[in-house]
Amino acid sequence: MKSDLRLFWKYVAPSVFGAVIGGSFAIVDAIFIGLAGGENALAATAVTWPLVMFLQAFGFLVGSGGAVLIAQNRGSNLPERERLFFAQTVFLALAWSIFLTVVTFPFLQTILTALGATQELMPISLRYSQILTGGVIFSIFMSLCLEVIRNDGHPTLSMLLMITGLISNIILDWVFVFHLQFGAVGAAIATVISQAGACILGCIYFCSPLTKLRFSIGILKPKLHLTGNIIITGLPIFGNMLSIIAMLYMHNAQSLRYGGIDGLAAYTVISSLEALGSMFMTGIAGGVQPLSASMYGAGKYKRQNRFGNYGYKFAFISGIILMLFSFAMYKIIPGWMGLETGNALELAQHGILLSAPAFLLLGVIRVAAFYYQSTGNIVKSSCLIYGDSFIALPLCIFTLPVWFGMNGVWLAMPVSRIILMAMLLYFWFGSRNASRKKPRRHYPAT
């Protein structure tokens with residue numbers, strides 16, 4: 001028990017730090033852009049985030065899917081298949097990068113208009129998104145490096161890679177946004193350069209004695225059955241990203257509809273806080289994932305369940321802390337992004353108070369989704385994640401504001417978490433009798 005708890009913290013602690021740091025790239029950009037450009041610049045970049053995160057989601061799709069299969073095959077002592085899956089993961093990352101750049105770059109203005117960019121916001125939104133779309137290969141490959149290095153038994157190195165990228169981003173943001181006065185364009189340039197640097201460090205790792213995973217000619221030889229397995233295994237984390245994207249897009253649209261540019265600027269502050277909390281919970285889930293995947297591959301189901309239960313408990317306690325932090329800091333946080341007076345400030349403060357309870361259940365749901373993914377139960381994992389993107393959140397975000405206005409926009413997140421938690425409780429307890437007969441069905445220990 002104690003050795004398992006130590007192993008849990010060995011993976012979860014750096015995974016949490018790495019995920020929070022990774023999620024901080026956009027938040028750091030928002031802080032610099034808000035301080036330098038005010039409400040309009042903040043709102044203009046917020047419009048682009050669903051697109052940028054959609055492109056990044058393919059990096060998590062490939063990286064997470066490949067990393068889980070690498071860990072499972074390591075647990076089953078199949079080193080050759082580990083190397084095969086690594087080669088196909090790199091191939092998919094390169095293929096998706098080229099495809100996404102080609103199909104999105106020429107149509108950016110049309111896409112941004114669909115995402116809600118007004119004539120007033122379009123110039124900044126377009127320039128910001130052009131740079132990030134052009135550098136999507138670095139975003140996708142960085143995600144691959146982080147996921148695979150962590151599941152390759154080096155979670156601390158994965159975390160350090162992210163810390164290096166974030167520090168670079170902060171320094172470059174200061175240079176390009178403030179010193180050279182490039183505004184949002186400077187923030188985008190800083191992000192791409194930082195991600196490229198992280199990719200270089202990741203490549204150095206895969207050429208080092210620390211790993212047996214190597215770049216090989218197999219990268220250029222796609223094997224459809226293996227790439228298909230990677231994509232299917234990565235679908236839950238892709239859905240997790242879609243959930244965040246859907247949250248951003250729908251909240252952006254409703255904030256603009258019910259609160260105008262002030263409402264959108266206010267939501268940019270709240271979305272940054274929510275994204276940070278979401279990445280924190282994703283870090284917990286990401287730390288549990290390689291442990292449960294390895295135990296599943298080795299047939300050690302009791303230890304597999306134990307790691308899952310550790311994750312649930314830590315996520316719930318963390319949710320309480322994040323909610324209380326939001327309550328304590330609701331008057332201060334908007335000022336970090338340049339909202340110091342006026343209607344946008346009041347909307348942001350009120351929104352933080354109403355949306356903060358979403359943290360309570362967010363982590364438990366996230367851990368469950370990743371846990372099911374790592375143990376081969378893709379259906380339940382996908383139900384939790386895609387049910388958020390296409391059922392719970394849309395239901396709340398498009399109905400609650402009709403009755404409660406902007407308050408309904410802020411309440412959509414906590415109410416949708418309650419709906420998803422009801423689904424998870426059904427998975428846990430609805431089939432408990434069947435679970436006792438079949439050792440590969442999983443539910444919390446009691």
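Me: What is the relative accessible area of Arg-306?
Reply: Arg-306 has a relative accessible area of 24% and is partly exposed, a term for what lies between buried (under 20%) and exposed (over 50%), using a 1.4 Å probe and protein chains only. This is a predicted model, in which local features need pLDDT of at least 70 and side-chain atom pairs count only at pLDDT 80 or more, while totals for chains, interfaces and linings use all residues. Residues are numbered from 1 along each chain as its sequence is written, and side-chain values use heavy atoms, with hydrogens and water left out.

Me: Which side chain does Arg-306 meet in a salt bridge?
Reply: Arg-306 meets Asp-4, at 2.6 Å from N to O; a salt bridge here is a side-chain nitrogen of Lys or Arg within 4 Å of a carboxyl oxygen of Asp or Glu. The two residues are 302 apart, with Asp-4 in helix α1 and Arg-306 in helix α9, where helices (H or I, at least four residues) and strands (E, at least two) are DSSP runs numbered from the N terminus.

Me: And how many salt bridges turn up in the whole structure?
Reply: The search finds two, and the other one joins Asp-4 to Arg-303, whose closest N and O atoms are 2.5 Å apart. Asp-4 belongs to helix α1 (residues 2-75) and Arg-303 to helix α9 (residues 301-329), so this pair ties together parts that are 299 residues apart in sequence. Asp-4, Arg-303 and Arg-306 are therefore linked in a network of salt bridges.

Me: Is Asp-4 buried or exposed?
Reply: Asp-4 is buried, at 3% relative accessible area, whereas Arg-303 is partly exposed at 26%.

Me: New topic: which residues have the most contacts inside the largest nonpolar core?
Reply: They are Tyr-128, Leu-144, Val-148, Phe-206, Tyr-372 and Leu-424, in a core of 129 residues, where a nonpolar core is a set of buried Ala, Val, Leu, Ile, Met, Phe, Trp, Tyr and Cys residues joined through side-chain atoms within 4.5 Å. Helix α1 gives the largest share of this core, 28 residues.

Me: What is Tyr-128 in contact with?
Reply: Leaving aside neighbours within four places in sequence, its contacts (heavy atoms within 4.5 Å) include Asp-29, Ile-33, Trp-49 and Ala-184. Tyr-128 is also one of the buried residues of α4, among them Met-122 and Leu-132.

Me: Where is Val-102 found, by the way?
Reply: Val-102 is in helix α2 (residues 79-104), and with a relative accessible area of 54% Val-102 is exposed.
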